[in-house]
Each structure stands twice: as structure tokens, then as C-alpha cells.
Amino acid sequence: MNATIQNSLHAPAFEVPHPVNELGRDGDKFYRCYDALADELDEDMVKGLKEQLDGMLIFAGLFAGVNSAFLALTLPLLSADSADDIVTLLVQNQAILIQMATDTNVSIPATPHLPSTNFSPSGDIFAVNALFSLSLTFAIISSFLAVLGRQWLVDYRKRSGGGPEHQRWEQLKRFLGAERWRLKPILDVVLPSLLQMGLIIFCASLVLYLRHLSPAISVIVGIPMCAGLVFFIGSALCTVWDKFCPFQSPLSHIILWSARNLPATVREIKLLEWDQMRQALSPKRWVHLLIHGREEESPGSLQVIALKRAICTSDDQATLLNATANIFGIRDVGLMEELWNDPSFEDRFVDQWQSSYHRILELRGNDEVIIATASQRLYSAAAAHVMIYRNTEWYGYRSDAWQPWCEQKSILIPESQIRDSSTCLIQSTLGCMMLRFSQVGPTPETMDILCNYLLACLLLNLERQDLGFLCLLSLITSRLSDFKDTWATAQDSIREALKGSHSENAWHVLPNAAMALLAPGSTAIPHRNLLLNKLFACIDQIITDSTNFTTGQWFSFLEGFEWIVRNPQLPEEARQVIKKIRLKVAEYWQEQCARTRYTVVSRPADPSRLGVSTPKMPGHLPYALEQYITKIRSVNLAEGGHDDCIDVLRVFGSSARQLVGIGYERWEEPANKARRVRAVDELWCYWDEERVSATYSLP
């Protein structure tokens, strides 16, 4: 694996990967790294287990032969010896012959009492044979399971049909099945334990058998056996005190597992209620599981598991960086929680985050500062992405491991590289800075750096035309003047903006940013005028190309800027953008009216027009225009505000006359209070003097 690291890092084409918007969509860079890693890990596991099983089979065969030889000696002791019966019969025959030769009258039983009739083996012999047989049974079972285990391993590495992607996920499912059913512990712990238990039982039975033959010999043999058993148990207990103790054995694994898991398991069982236990042991539930089987993992869950496996097990920096870049593709809260709820993953990720800069320099040389900085920036942005998409408070993360790395100024992308960076990476680096500012307010130097960064991002957005990215920049801009006081309360808003949710509320976010830059306290913001100009340049581009706003959203968007256009500090370029927004909204409103209007038989106030077909439109279109003009009346007019009102009448005058012409009942209040007004260019705005006075009342 070290050779892989060296080759990947010293390759001329090695680059820090860009974050992805969708998990796995990076040109198969991560999957190629993962496939090589998974194949290496699986091959190492299968190879190691096969070697161990081969050794067990050899030892079990020799052990079974030795055990069988002793059983051949001890098993006959469980039954009566036929030679004793023969001796008894010979003695009886001799007595009969003597009686016949001496002609004596001695009573001799016709059926002599044979020793086999009442034979019963001694307790020692029974115990010796039972232990020898049990030891042989363990050896045979372990041998059988070893052969069966080799078959399991062959099936584990068997490749099925389909392309590389199908084989990847199928092999991952096999890996998860092996983890779920504890394949490695069974072959690595249970089987050797059976063989070791058989060996211990054999030693005990040998000592008992020797005691039956000769107590002295049994003592001589039993002392070293007891010493070996004490050493075996003691070495296993040492691993409990020191987990890096080299005396690892199946017994030590069992002791460690029991010490770590049994107390928690007992507590969980005690906390279970009777209904939960009855439901868990319900026959219907088990029948359902047997019929339908276990539900498989979803494709997204498999991708997260592959990413977690790569980061937790790989030492190749290229694999780690590609896996980290794919963290940005996780946008689902459930998948993010599934990734981060593993403590080993968090520890591994934090370790890579903290050491990535120095490791890259060590492997590539001290002249590769740019790559080392980019790798650390990628980890920082990925950490911010995790914090954004998890449903946890930002201050809940480990301050000793996370926050010091959020202070690094190198997190922000240099202006020379920002054009080549993905929007996802830029957003996450901003999120990382915002995370730090939520804990400690920015210094004047940091504020200047942040404003320059926002300017560069606004220039970039002019090319990419990303509404969600613009909303994020606008939300951050709206907080610049009172960063220290309001930032802690704006965490949820920033989080939603980083997720892209604020693109749906752009008609509120963008005007608020412009208003914040024009506020009296905004003079301390570095590069305020440049930020304002670039912001309106992006807004101009958005209104030119956007077709996703509804009628109500367009009017809400315009209402926010009606307050801004009357600000005397507003640059002329920005004022022209707002006028362009008015024209865009009026044009959009006319298009919607022409598209949705239909003819119905109305009931006009004039009885003479009863039965006449008049055009009518859905109520939300006139209502939106009415609400907008009503709110214009409440705007505090500043210097030049009269001209803005004239411009409103010019833009929406024809629309208002159209509503009056079709008999919009909310505007049919007869009154002759409307009047003509003259604009600064000596042009007149004509209005129907019989209507519209209920809506327009200019000073």
C-alpha cells in the first residue's frame, strides 16, 4: 500500500479533486480508487483466513490422529474383559475335573458367576473416555467448519455477471453480509477456539488417564500442562489491560468483546419493555422475515458505506481526497447522519483534516505548498458541509479538533484560483468561515479579506449566473454591518442559504442585501460601493435570464427595491437596474394577463349591459398589482421620490386602465378625484378620471 501512495502522489497528473454536486459523479475517480482499495482489502482478508484455515486443518488432522490413538487404548476399559470370563470358566472346569478324579462330593454351581455380568467401569475411566471423545469431537467439528469456511471464502470472492458498477455494489453487499453475520470472527475466533478447547480437554483427560495408571507420572506431566494453561489465560488477560499487547488470541478476543459489549447488552435488555420483547419474538414477525427476507440497503446508503470504508481504511492520499470530495455530494440529512454517526469515521476524518497539509508536504516535498493548502482547504470545506447538512448545533462539535482549523486564512480560495473552483467548494469555504464567525466575531483584517472574497465571488457569479449562490452572497452581505451582534442568531439562515434553500426567497434576500449596504451604519464596510455595484450587476443579469418567478414573487421582488430606489446614496447604475425590474414585472404581468384571460357572462352594475360578454381574468393577477400599488403609497418619499412615483404610473398605467376597462369590481368606486400629473420631461400621464382614484393618490 505504501508503494501505491508514493506512485499516486508523485505522478505528474496528481491534483486535488473538485467537490461534486452528486455523490459518485466525478468521472469515476473515486470509484476507481475504491475498487482498487476494496479488492485489496478483500483479497488480504480472504488470503489471511485461508492460510489460517489451512493451518487449522493440518493441526486438526494430526491432533485427531493422536486423540484416536489414546481412545483406542481407553475405550476397551469401558467394557468387561472377556479374558476374565474365560479364566472363571477354566477355574470351574478344573474344579469339576478334580472332583471327578478324587471322587469327592463338592457342590459346584452349574452356571458360574461371570465377571462381565456385574461389570461397571470406574469413574476415572468413564471421565477419561468422555473427555477424550469430547476432544476428538471438537477437532472434527473444527475441521469440518474449516472446510466449510474455505467454501464460504470462495463464494465471497466469486464474481458474477454484469458491468463494473454491478460487481462493485454486489461485492459491497457481500462485504456487508460478511460483517453483519460475523464471518471473520467466526473463522478467526470461533474455529480456533474450538480447536484450542479440544486441546485443553485432551490435556486434562491425559492427566486423568496417567493418574489412573500411575499418580506419580500424572503429577510430572500435569505440572507443565498447568503452567502452559496459566500462561495462555494470563496472556489473554494482558490484552484487556493493554489493547496493543502482542499476545492476541481467540480467548483474548472473546474476553475483550465480553468486557465491552455484555454490560451494554444487559442494560438494553433490562430497558426493554414486555411489549417490545413480545413484538421482537413474535412468530408472525419471524415468518414475515423468512418469507420476504431482509430489506437490502438503498443505493444511496451503499454509496455512503463505500465512502466511509475508503476514508476509514485507506492510506492513499489520492483515495482520501477523492472520497472527501464526494462528501459534498451528500445532501440528504439521513445519509449524512448515517455517515457521521460512526465514531471511528469522525476520528479518522478529523485526523486526516489536521494532518493532510504536513502529510502532503512529506510525501511530495516542501515545494508543493499549493497542493498541500488545497488539500487542507478541501477537508475544511467538507467539514463545513457536514456541519451544514446535519441537524445539530454548530457549537456541539469538538472545539479542540474542529475550531482551530476554522481559523486558518488559507481556507478561502485565492483570487487567482477562484475562477477554476467549483461553486460547491466556494460555498463550503464560506460556510467554514461563517462557522468561525459564529463563535468569534471577525477582526478588521478578516473583514477586509471577507469583503474582497465576496467581491471575487460576485464577479464569478456574473459568469455562472447561479441564483442560489447569489442568494448566499447576498445574505452574508446583509450581515456585514452588524456581524458581531447578529451572526450568532443568523446561523439557521446561513445554513439554509448554504443548502440552497434561499433561492426560493430571492425576492426578499437580494433587496435586504442592497438595503444593508445603503444603511447609515454601512460606511465601515470595506469596499462597500464595489460590493453594491457588483450586487446590482448580478441582479441585472438575474432578472434578464430568470423565468422561474411567479407573479407574486416578481411583485414582492420589486416592492423591496421600491424602498431602495428612493435612497439618495443609490448609484445611478443601480437605479437603472431597478427601473429595468419595473419594466420586467410590468411586461411579465401583461403576458400573464394575455395568457389567462377568458370570456364569461358578467353581471355589470349597469343593467343595460346585462348579458354582454366581457373579458375577465383570475383574481390573483389584479390582486398582485393592487397590493403593489397600495404599498407604494406607504413608501417614505425622499428627494426625487416624486419622479419615481411618476415612473411607476408610466410603467403600470396601462395595466391599471386595463383592469378598469374589464370591470375589476374592487376598483369600481366612482369618483372624480383623480388628476393628471406632469413628469420632469414635460410628458403627461393620462388617467381615466372616473376611476382609479381609490388606488392612486399622489401628493
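This briefing covers the fold, core, aromatic contacts and cysteines of one protein.

The model is predicted, so local features need pLDDT of at least 70 and side-chain atom pairs count only at pLDDT 80 or more, while totals for chains, interfaces and linings use all residues. Residues are numbered from 1 along each chain as its sequence is written, and side-chain values use heavy atoms, with hydrogens and water left out.

**Overall make-up**

- The protein has 27 helices and four strands; these are DSSP runs numbered from the N terminus, helices being H or I with at least four residues and strands E with at least two.
- Of the 699 residues, 42% are buried (buried is under 20% relative accessible area, exposed over 50%, partly exposed in between; 1.4 Å probe, protein chains only).
- Among contacts with a separation of 6 or more, 74% join residues 24 or more positions apart (contact means heavy atoms within 4.5 Å).

**Nonpolar core**

- The largest nonpolar core has 141 residues, and Phe536, Ile539, Phe557, Phe561 and Phe652 touch the most other members (a core is a set of buried Ala, Val, Leu, Ile, Met, Phe, Trp, Tyr and Cys residues joined through side-chain atoms within 4.5 Å).
- Helix H2 (residues 29-74) gives the largest share of this core, 14 residues.
- Beyond its neighbours within four places in sequence, Ile539 contacts Leu470, Leu510, Phe557, Phe561, Val577 and Ile581.

**Aromatic pairs**

- There are 16 aromatic pairs (ring centres of Phe, Tyr and Trp, its six-membered ring, within 6.5 Å; planes under 30 degrees apart are stacked, over 60 edge-to-face, the rest tilted).
- Phe59 and Phe63 are stacked, at 6.1 Å centre to centre and 5° between the planes.
- Both lie in helix H2, four residues apart, about one turn of the helix.
- Phe59 is partly exposed at 36% relative accessibility, whereas Phe63 is buried at 6%.
- Phe63 also pairs with Phe202, and this pair is edge-to-face because the centres are 5.5 Å apart and the planes are at 85°.
- Phe202 lies in helix H6 (residues 183-213) and Phe63 in helix H2, so their pair ties together parts 139 residues apart in sequence.
- Ring pairs link Phe59, Phe63, Phe70, Phe132 and Phe202 into a cluster.

**Cysteines**

- The structure has zero disulfides (a disulfide is a pair of cysteine sulfur atoms within 2.5 Å).
- For Cys203, the closest cysteine sulfur is in Cys226 at 9.5 Å, too far for a bond.
- Cys203 is partly exposed at 23% relative accessibility, and Cys457 is buried at 0%.
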